[in-house]
Amino acid sequence: MPLESVRFAVLGPVRVWRGETELDPGGPQERALLALLLVRAGDPVGLEEIVDALWGAEPPRSAVNVIRRHAGSLRRLLEPGLAVRAEGRWLVRAAGGYRLVTHGDCLDLLRFRELCEAGRRAAGESPGRAVELFTEALALWRGPAAAGLPDHARAHPAFGAADRERLTAVRAAADAALRAGLPDVVLPELYRAAAAYPLDEPAQAALILTLAATGRHGEARAAYDAVHARLSEELGIDPGPELREAGETVRGVGAGAAVGGAPGSGEGGDASAPGTTPLPVAAPASAPGAHPDSASVPRQLPHDVAVFAGRGDEVDGVLAAGEGRVVVIGGMAGVGKTTLAVHWAHRVAGRFPDGQLYVNLRGFDPSGAVMEPGEAVRGFLDALGVPPDRVPRGLDAQAALYRSVLAGRRVLVVLDNARDSDHVRPLLPGSPGCLTLVTSRDELSGLVAGHGAHALGLRPFDAGQTRTFLVRRLGAERVEAEPGAADEIGELCAGLPLALACVAARAAAHPRFPLSAVAAELREAHGSLDAFARSDASVDVGSVFSWSSRAVSPPARRLFELLALHPGPDFSLPAAAALAGLPARRARPLLAELTGLLLVAEHSPARYSFHDLLRAHAAELVEEHRTESERHTALHRLHHHYLHTAHTADRLLAPTSDPLPPPPAPEGVHPEHLADDDRALAWLTAEHAVLLAVVDTAAASGQERVACHLAWSLEPFFDRRGHWHDGLTVQRTALAAARRLAEPALEARGLRGLARVEGRLGLHTQSVSRLEQALRLFVRLGDDTGRANTHRSLGWEREQLGDLPGALHHNQLALDLFRALGDRAAQASVLNSVGWYHALLGEHRQALAHCFEALPMLQALGDRYGQAATWDSIAYVHQHLGRHPHALLGYRNALTLLRDLGAPYVEADILSRVGDTHQAMGDHDSARAAWRQALTLLRDLGHPDAERVEARLTGRDGRAGAG
């Protein structure tokens with residue numbers, strides 16, 4: 001059999017192909033043997049070393065015979081039909097062990113080394129070429145060397161040495177990229193390397209300098225401060241010369257300076273076609289690129305507790321269980337499952353350099369707002385950088401994509417508060433390099449039986465653990481002075497860490513109170529919490545919460561009760577203020593009182609949440625102490641807080657859309673101030689899950705008009721971020737609410753809103769039908785703005801269906817209506833759309849005329865997205881007219897705008913066209929550089945267009961060769 005017919009991969013999971021067929025290397029030991037032979041790359045491996053890799057310090061007596069059987073199986077896998085004892089071509093005996101015959105064309109590790117050596121040779125004279133070679137080399141890695149092997153096998157020094165080769169290549173690539181003025185290209189690899197080797201000073205120095213070179217000076221300084229602190233705390237040393245120099249460099253860089261080169265400049269010329277105007281000039285960056293989105297390496301863990309105590313044995317148990325792929329932490333409510341999971345996750349986060357995912361599934365939320373698996377999967381895909389247009393419909397397809405994205409990666413997944421096994425299954429990674437940590441009040445026996453999960457049950461603290469907990473919170477002297485009182489507090493709290501934390505918080509706030517007085521108060525408390533009947537906790541725990549809530553001031557107690565009405569999983573200070581009908585400055589100290597006694601928790605900066613049991617307690621109190629009218633008024637204020645802030649965000653994100661002014665805000669509502677579209681996007685992202693819940697509760701509580709207006713205000717956000725499944729849900733709710741109100745104007749908007757998101761999801765038959773219904777209603781109502789926007793939506797639908805003349809026709813109708821209305825913002829946007837469709841139809845003169853009319857209008861309006869889209873259209877026309885310098889300038893102007901807007905897929909799409917333009921000019925090196933930048937972005941996003949760009953680089957599409 002020809003040697004070229006077999007290929008191996010060890011830079012990531014161990015894989016082997018014969019021809020186009022991937023083979024199964026067998027079980028863990030067979031894979032470990034193959035991996036060790038591959039990482040030795042053709043060198044002999046002795047039996048003693050193989051034994052050590054497969055079994056460690058305690059091999060069985062039959063170890064050598066087992067290895068021989070594995071070797072025979074491997075020979076027959078590679079060469080079917082080989083006799084049992086025959087010597088194969090691939091696996092041969094050598095030096096008392098075995099050697100696998102390999103070469104650069106069949107083993108990714110050898111190809112990686114060849115490319116790195118070529119990169120080092122090129123670095124002196126052509127750093128740009130060196131960057132290309134190193135980038136190509138690093139792209140071969142799909143995870144740590146031999147990822148997925150058992151930990152004792154992966155601990156073999158040979159695999160660590162291979163991983164260090166990757167680190168060396170990353171550092172060399174970073175050095176070349178800085179000298180070539182292409183720092184963006186290596187940032188994704190530098191992020192991974194710095195996370196995997198937090199104490200490697202050259203890697204950290206490279207990251208710091210590269211961040212500074214891309215203009216991220218604050219992030220660079222923060223990275224230096226973090227590694228400086230780690231070196232001091234963990235090793236007791238100061239930074240070495242290289243790291244110290246990097247720190248001094250970034251601290252000396254001003255806000256307007258950059259490390260590694262200054263932006264270049266370009267000149268424009270007159271367009272020679274009749275009817276065109278001179279191409280305006282903007283200063284492009286020195287190398288068109290894109291800042292990688294750090295969300296592709298997610299860091300989602302909540303804050304770790306400042307003081308963790310009483311669970312030493314359980315922490316060790318989770319660490320031991322971590323040898324498996326799924327660990328379940330079970331126990332009653334309030335027993336500390338989440339605290340243990342998050343604490344342990346922070347301890348081991350460094351083992352998972354590809355990121356940490358976290359979600360609160362809200363399986364037992366008293367409000368009933370359980371997070372469905374589909375919502376959680378889509379959130380994870382978004383965090384992993386999957387482009388919205390790549391997310392399929394249906395939970396099964398989404399879960400399959402999620403597993404594919406995680407294949408070959410080392411990611412820690414924390415699934416908090418799961419309802420049952422079915423709640424969790426779609427969220428389990430398939431990659432052996434990932435670990436999933438699940439918490440639940442349910443035993444999740446289905447995961448234990450079906451997925452081999454390791455179960456760890458938590459019990460309430462015993463007397464010793466309680467004493468340890470109180471010592472950590474209150475100090476040894478205070479607890480040892482009153483041991484009896486400390487024990488009584490533990491008994492009255494039923495040993496539940498949540499209750500103990502509340503009591504300790506109040507005791508710590510009053511250091512002069514004797515613990516005996518605290519215990520006496522608890523004994524005398526007569527609170528009750530019916531919700532605890534299903535939590536296995538004693539009624540004394542309800543007394544603890546009643547005692548704690550009575551300890552705050554009356555205004556803070558009122559706020560605590562009203563917060564139970566909030567429908568979302570968490571809330572902000574302004575939302576809490578709206579519920580109470582107070583300005584934020586008056587609500588802030590009340591919220592501080594509640595957090596001080598741990599009645600609410602600040603789980604992330606400026607975001608607060610309840611524990612389920614405390615929410616249940618607050619819900620009992622609000623029903624008992626607040627009238628129905630007071631509760632209704634508070635919820636009405638909350639809904640309007642979100643509605644009016646979302647409306648402001650809508651105006652910032654989509655200034656050319658047709659807004660529907662919301663109903664007047666009631667007294668006591670102070671919408672949040674959003675200064676610009678970046679702040680709007682940040683607010684919407686933070687409140688995403690809350691806003692979904694508010695639409696539902698508003699519609700269900702008789703506030704249909706609020707539900708409609710809020711759903712329509714969220715449309716630009718869902719569309720920009722690709723949350724089309726969430727958009728589908730809220731638009732269906734809004735249309736149903738509009739029909740209940742029996743107002744044709746609201747129904748028309750509801751039809752159009754639902755149609756737009758259906759179109760994004762590929763449901764074009766339904767979408768076109770709804771848009772035509774909406775258009776008829778807008779015509780009947782005499783609403784020309786509604787007509788114009790519906791024509792735009794119909795134009796987009798015609799484009800998706802391949803009808804470019806139809807798309808142009810609908811946009812021309814929209815343009816005529818907007819001109820008659822005098823709506824300049826909408827005119828500017830549609831002018832570019834009309835120009836784009838003329839360009840696609842080859843009508844270049846008309847295309848440029850419309851785009852050059854749009855551009856100054858968009859610049860005057862400050863619409864950066866519109867400007868970027870118009871520059872792209874202008875450049876596309878010049879490219880197809882053969883005016884390549886003009887095309888390059890237009891594309892670079894678009895990229896300059898897009899870098900500030902965080903649209904990596906659009907940037908990659910434009911970079912691909914930049915490469916095409918350079919190729920048409922005969923500048924093959926520049927073409928390949930642009931395509932490589934596009935490929936890096938698309939690979940970070942996990943987007944299928946990466947294959948198209950890769951085909952251009954390799955010449956498979958006929959555009960460029962490998963030279």
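Here is a walk through the structure, from its sheets to its aromatic pairs and a few single residues.

One thing before we start: this is a predicted model, where local features need pLDDT of at least 70, side-chain atom pairs count only at pLDDT 80 or more, and totals for chains, interfaces and linings use all residues. Residues are numbered from 1 along each chain as its sequence is written, and side-chain values use heavy atoms, with hydrogens and water left out.

Let's begin with the sheet that holds β1. Helices (H or I, at least four residues) and strands (E, at least two) are DSSP runs, numbered from the N terminus. Two strands pair if DSSP finds at least two bridges between them. On that basis, 3 strands make an open sheet in the order β1-β2-β3, with antiparallel pairing. β1 (6-9) and β3 (21-23) are the edges; each has a single partner strand, so one side of each has no neighbour in the sheet. From one strand to the next, the twist averages 30°; angles run from 0 to 180 degrees between N-to-C directions, and axes are lines fitted to C-alpha atoms, for helices over the stretch in contact. Between β1 and β2 (residues 15-18), which run antiparallel, there are 4 bridges. If you want a residue to look for, V6 has R18 in β2 as its bridge partner. Helix α3 (residues 63-78) lies across β1, β2 and β3, at about 40° to β2; contact here means heavy atoms within 4.5 Å.

Now move along to the parallel sheet. Here 5 strands form an open sheet in the order β8-β9-β10-β7-β11, and the pairing is parallel. β8 (356-360) and β11 (454-457) are the edge strands, each pairing on one side only. The twist in this sheet averages 15° from one strand to the next. Strand β7 (residues 326-330) is joined to strand β10 (residues 435-440) by 5 bridges, and the two run parallel. Look for G330, which stands opposite S440 in β10. Helix α13 (residues 337-348) lies across β7, β8, β9 (412-418), β10 and β11, running at about 165° to β10.

While you're at β10, have a look at T436, which lies in that strand. T436 has a relative accessible area of 1%, so it is buried; buried means under 20% relative accessible area, exposed over 50%, and partly exposed in between (1.4 Å probe, protein chains only). Leaving aside neighbours within four places in sequence, the contacts of T436 include R325, V326 and V327, along with V413 and L415.

Next come the aromatics. A pair of aromatic rings is described by the distance of the centres and the angle of the planes. Rings of Phe, Tyr and Trp (its six-membered ring) pair if their centres lie within 6.5 Å; planes under 30 degrees apart count as stacked, over 60 as edge-to-face and the rest as tilted. Searching the whole structure turns up 9 such pairs. Take F461 and F469: the ring centres are 5.7 Å apart and the planes are at 50°, so the pair is tilted. F461 is buried at 8% relative accessible area, and F469 is buried at 4%. W836 and Y876 make another tilted pair, with centres 5.0 Å apart and planes at 55°. W836 is in helix α38 (residues 824-840) and Y876 in helix α40 (residues 864-880), so this pair ties together parts 40 residues apart in sequence. Y876 counts as buried, at 16% relative accessibility. There's also an aromatic cluster made up of F560, F571, Y608 and F610.

Finally, a couple of single residues are worth a visit. H152 sits in helix α6 (residues 151-154) and counts as partly exposed, at 46% relative accessibility. H152 and A53 are 99 residues apart along the chain, yet their C-alpha atoms are separated by 7.2 Å. Not counting residues up to four places away in sequence, H152 touches A53, L54 and W55. R557 belongs to helix α24 (residues 554-563) and is partly exposed, with a relative accessible area of 26%. R557 and L590 are 33 residues apart in sequence and 8.4 Å apart in space, C-alpha to C-alpha.
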